[in-house]
Amino acid sequence: MSKLWGGRFTKETNKLVEEFTASISFDQKLAKEDIAGSMAHVQMLGECGIIPVEDAEKIKAGLLGIKKMVDNNEVEFLVEDEDIHMNIEKLLIEKIGPVGGKLHTGRSRNDQVATDMHLYLRTKTTELIKLLEDVQGSLLVQAKENVNTLIPGYTHLQRAQPVSFAHHLMAYFWMFERDKERLIDSLKRVNWLPLGSGALAGTTFPINRERVAEILGFETVYPNSMDAVSDRDFILEFLSIGSIIMTHISRLSEELVIWSSQEFQFVELDDSFCTGSSIMPQKKNPDVPELLRGKTGRTFGNLIGLLTVLKGLPLAYNKDLQEDKEGMFDTVETLEGSLMLLAPMIETMTVNKDIMRKAINNDFSNATDIADYLVRKGLPFREAHEVIGKIVLYAIQNQKFLLDLSFEEYQEFSSLFEEDIYEVLSPEHVVAVRNSFGGTSPEQVIKQIELGEGKLGK
Ligand code: ARG
């Protein structure tokens with residue numbers, strides 16, 4: 001059989017053109033969605049009396065047969081047939097005869113492909129939400145075990161104030177929570193149905209778009225046929241959210257790389273999540289978090305790629321739009337792979353609580369607390385800041401930390417100091433008194449973990 005659109009042509013398509021314009025090598029991933037969309041469309045055509053019900057039934061049976069073949073990898077997709085839509089339609093006509101040619105009544109590949117993409121993203125978005133929850137679950141497991149584990153908190157990657165390690169981990173929990181909300185919210189727009197828009201202007205047949213939406217589980221139909229076939233903002237939104245998710249994954253990965261370095265040794269990733277060096281026998285490399293960090297680049301690229309494809313396009317459909325697919329598939333697959341690895345990697349990592357705790361002994365991250373101490377004794381904060389700055393300088397010059405200074409030394413800087421200063425300076429105290437909502441005290445962190453468990457329905 002020749003091309004489905006061959007009637008108007010007097011020459012064969014140039015082979016290079018055929019290959020260049022074909023999308024079947026990648027859009028075969030949409031086979032199931034394409035068949036689902038066709039099943040709903042033909043059901044409606046029968047119900048509306050646009051084609052005889054018997055024909056609709058024959059087409060549906062044929063499509064189901066093709067679906068089985070697809071599931072069993074029995075279909076050989078052909079470049080000559082350009083894309084998934086024409087491959088399946090041609091196969092249908094081959095299987096059930098000319099009646100299969102009625103499937104495309106009142107429809108165009110333009111509204112068909114947009115529908116396939118909506119269906120695909122709906123499924124994938126729902127799956128990704130679950131994978132995000134797995135990562136959140138693994139963060140919760142570690143957080144629960146580390147409420148009282150103290151770690152230096154940093155700003156500018158300089159020791160700032162000690163925090164609960166659980167608090168640090170839970171920061172990522174909430175980032176992923178918002179990512180999840182973003183995905184859930186995007187489903188509202190993924191659930192608009194383009195089908196029934198025809199090539200761009202609608203159709204002359206008395207179709208029932210709401211019925212198709214109902215069969216396919218869409219919440220509403222696009223009210224403008226030109227918009228429906230030519231915008232891809234629902235994909236842009238997905239790629240944006242995907243980029244934000246990867247950014248969050250990348251930041252966490254960066255911390256895992258730092259924490260597992262010889263210099264830090266705060267955590268040790270499980271052997272099963274690390275790799276070795278082909279030359280240096282001693283090495284245990286954090287390849288997984290490094291690659292998670294690295295893969296962020298491609299997701300940004302996919303977003304910028306599609307933004308660029310869309311920005312100058314006149315309405316309505318243009319072949320440029322075929323470029324919407326590979327980046328979307330790539331971001332979906334990158335997210336799936338990344339989230340699937342991240343969850344068990346976090347859950348199995350060893351937290352070196354002692355090393356974290358020792359690190360805090362050797363820093364000035366309790367300096368804010370003696371400043372606050374003097375403020376409570378009546379000194380204005382700016383003056384207190386100045387006094388403590390002098391004490392820190394004195395300690396550095398004498399190779400001591402704040403807990404090592406004698407009471408007499410403190411008194412030389414201010415007569416407001418009393419014996420209780422040492423209790424105020426202990427890291428446990430420093431953390432415990434940051435008891436404002438959302439703060440790092442064990443009490444608040446436990447509250448936060450409970451809130452997090454609630455979000456996961458635990
Ligand atoms: N393969 C095409 C795409 O992905 C399907 C739509 C083609 N429509 C057309 N009029 N050439 O965009």
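Which helix gives the largest share of the shell around the ligand? I looked this up before anything else. Helix H6, residues 109-145, gives the largest share, with three residues. I note here that the model is predicted.

**Entry: the ligand shell**

I listed the residues around the ligand: Ser23, Asp27, Asp83, His85, Arg109, Asn110, Val113, Tyr317, Lys319, Leu321 and Gln322. I then sorted the shell by class and got four charged, four polar and three nonpolar residues.

**Entry: the domains**

I looked up how the chain is divided. Domain 1 covers 12-105, domain 2 is made of 110-146 + 162-353, and domain 3 covers 359-455. I went back to the ligand with these bounds. Domain 1 and domain 2 each supply at least three residues of the shell around the ligand. I also looked up the separation of domain 1 and domain 3, and their centres, taken over C-alpha atoms, are 70 Å apart.

**Entry: helix H15**

I turned to H15, which runs over residues 381-397 and has 17 residues. From the first C-alpha to the last, H15 reaches 24 Å, close to the 24 Å expected at 1.5 Å a residue.

Which residues of H15 are buried? I found Ala384, Ile388 and Ile391. These residues lie on the same side of H15 because the arc they cover around the axis is only 55°. I looked for what covers the buried residues of H15, and the cover includes helix H14 (367-376) and helix H16 (407-413). On the face of H15 turned away from the buried side I found exposed residues, among them Arg382, Glu386, Lys390 and Gln397. Gly389, Leu393 and Ile396 are also exposed on that face.

**Entry: backbone angles**

I checked what follows H15, and found Gln399 with a positive phi near 50°. Gln399 is a residue other than glycine, and lies in the loop between H15 and H16. Is Gln399 buried or exposed? I have Gln399 down as exposed, because its C-beta neighbours inside 10 Å number 7.

I noted a positive phi of about 55° at Gln265, which is not a glycine either. Gln265 sits in the loop between helix H10 (233-259) and strand E5 (267-268). Gln265 has 13 C-beta neighbours inside 10 Å, so I put this residue down as partly exposed.

My last item was a peptide bond. The bond from Leu315 to Ala316 is cis, and its omega is near 0°. I placed Ala316 in the loop between helix H11 (287-311) and helix H12 (325-348).

Methods. Residues are numbered from 1 along each chain as its sequence is written. This is a predicted model: local features need pLDDT of at least 70, side-chain atom pairs count only at pLDDT 80 or more; totals for chains, interfaces and linings use all residues. A residue is near a molecule or strand if its C-beta atom, placed from the backbone, lies within 6 Å of it. Helices (H or I, at least four residues) and strands (E, at least two) are DSSP runs, numbered from the N terminus. Ala, Val, Leu, Ile, Met, Phe, Trp, Tyr, Cys and Pro count as nonpolar, Asp, Glu, Lys and Arg as charged, and the others, Gly among them, as polar. Domain bounds come from an automatic or database domain assignment. The expected span of a helix is 1.5 Å times one less than its number of residues. A residue is buried if 20 or more other C-beta atoms lie within 10 Å of its own, exposed if 12 or fewer, and partly exposed in between; C-beta atoms are placed from the backbone. The arc is that of the directions from the helix axis to the C-beta atoms. Two residues are in contact if their C-beta atoms, placed from the backbone, lie within 7 Å.
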